[in-house]
Amino acid sequence: MRLILIGGGLGLTLLAGGGAAAYHYGLFSDIGDPVAFGQPRPAASTGSDAGPGALEPTGPKAAFVRTSRLPDGTQIGKTTLKGKKSGFTGDVWVWVPKEYDDPAYADSAFPVLISLPGGRGYPTNYWGTGPGLGLQQAVSDGAKSGKSLPFILIMPVINADTKHHFDGSDIPGQPKMGTWMAEDVPDFTKANFRTFTSRDGWAFMGSSSGGFGALKHVLKHPDRFKAAIASGVDIVPDSPLWKGNTQAMDENNPEKLAAKLIAAGGPDVYVNFQIGTKETGREKAERFMKEYGGGPVHTRLQVIQDGEHNGKSYVRGMREGALEWISKVMSAPTPKPRPAPSGGAGGAASR
């Protein structure tokens, strides 16, 4: 914990008011301190303690540092992930809902929403570094109201540098950003959190280039991921790094992937497009929905009135319907059964 140097007058106030006054003035900060997620399990606990369909953290645990505290007491942590399968190293931000630490859910898995930013997407992810955008609060409020699930948010970088867009893909001769997001990031999540063993607990969300990644990963890996919220999204790969490599581009083209999935007859995937009325691109989403939104590819369009091409607009769309929609197709955490009440009339009757 860090103490900022202060003037004498304020120092006397703090001496009189104690620690509470110091926190009131924001002079103590635990940002940058180590943080852990989840309650420690008893030493005798094993994977058998997990509820149905749940996977206990496989380890090894990552070392997180706190980057934000939210008003409800939840926090965002950051770590650096060295991707074993992609070979790429980048930062990942994480947030878990209050329910994750609730003893009633101690044996339950939680659904995961891998949240991808737009723009450069490196060296930061604005969903993790900008809690003011409201993503975490939207998930909390949705869970509290019962309209949506308490998702774990995993927020990785999506590009390998600040100069290029990598289309969330393994572009030949470039860092394997597709493998990073589709394999290393889920492996990292399983190592650190209670997750579902089936794809019903795994989804993506993203905006702009991150929306492309969300859409593409669900269509390319329907055996691993079930749903996506894709906001302000491009529909086809367009990075100049492809350099005309048509075959590799086709393997990462949502249109081609959707057609392939339809031809195979499934498995079913669910895509919620989000478009603001003050941005372009609606016609692209509607054309995709018309051509591929059938059979196993289930689509929906969330139109955000007066919405612009930015994170705050997309979070508003999530609040207005997208979060509730995606929650209906995902697995929910399950609390432990409440013990039957003892004593009283019911207890006497049983004796």
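This is a predicted model: local features need pLDDT of at least 70, side-chain atom pairs count only at pLDDT 80 or more; totals for chains, interfaces and linings use all residues.

Reply: The space inside the largest cavity comes to about 30 Å³. Its lining is made up of Ile235, Glu255, Lys284, Arg287, Phe288 and Glu291. By class, four of the lining residues are charged and two are nonpolar, with no polar ones. Helix α8, which covers residues 282–292, gives the most to this lining, with four residues.

Glu286 pairs with Arg282, and their closest N and O atoms are 2.9 Å apart. Both residues lie in α8, four residues apart, or about one turn of the helix. An α-helix has 3.6 residues a turn, so residues three or four places apart point the same way. Glu286 counts as partly exposed because its relative accessibility is 35%. Arg282, with a relative accessible area of 37%, is partly exposed too.

The structure has 11 salt bridges by the rule used. One of the others joins the side chains of Asp200 and Lys226, at 3.4 Å from N to O. Asp200 sits in the loop between β10 and β11 and Lys226 in the loop between α5 and β12, so this pair ties together parts 26 residues apart in sequence. Here Lys226 is buried at 13% relative accessibility, whereas Asp200, at 25%, is partly exposed. Asp30, Arg66 and Arg69, in turn, are linked in a network of salt bridges.

Conventions: Residues are numbered from 1 along each chain as its sequence is written. Side-chain values use heavy atoms; hydrogens and water are left out. On a 1 Å grid over the protein atoms alone, a cavity is a set of points where a 1.4 Å probe fits but cannot get out, and a pocket is an open set with protein on both sides within 12 Å along at least five of seven lines; lining residues have an atom within 4 Å of a point. Grid points are joined across faces, edges and corners, and a volume is the space filled by probe spheres set on the points. Helices (H or I, at least four residues) and strands (E, at least two) are DSSP runs, numbered from the N terminus. Ala, Val, Leu, Ile, Met, Phe, Trp, Tyr, Cys and Pro count as nonpolar, Asp, Glu, Lys and Arg as charged, and the others, Gly among them, as polar. A salt bridge is a side-chain nitrogen of Lys or Arg within 4 Å of a carboxyl oxygen of Asp or Glu. Buried means under 20% relative accessible area, exposed over 50%, partly exposed in between (1.4 Å probe, protein chains only).
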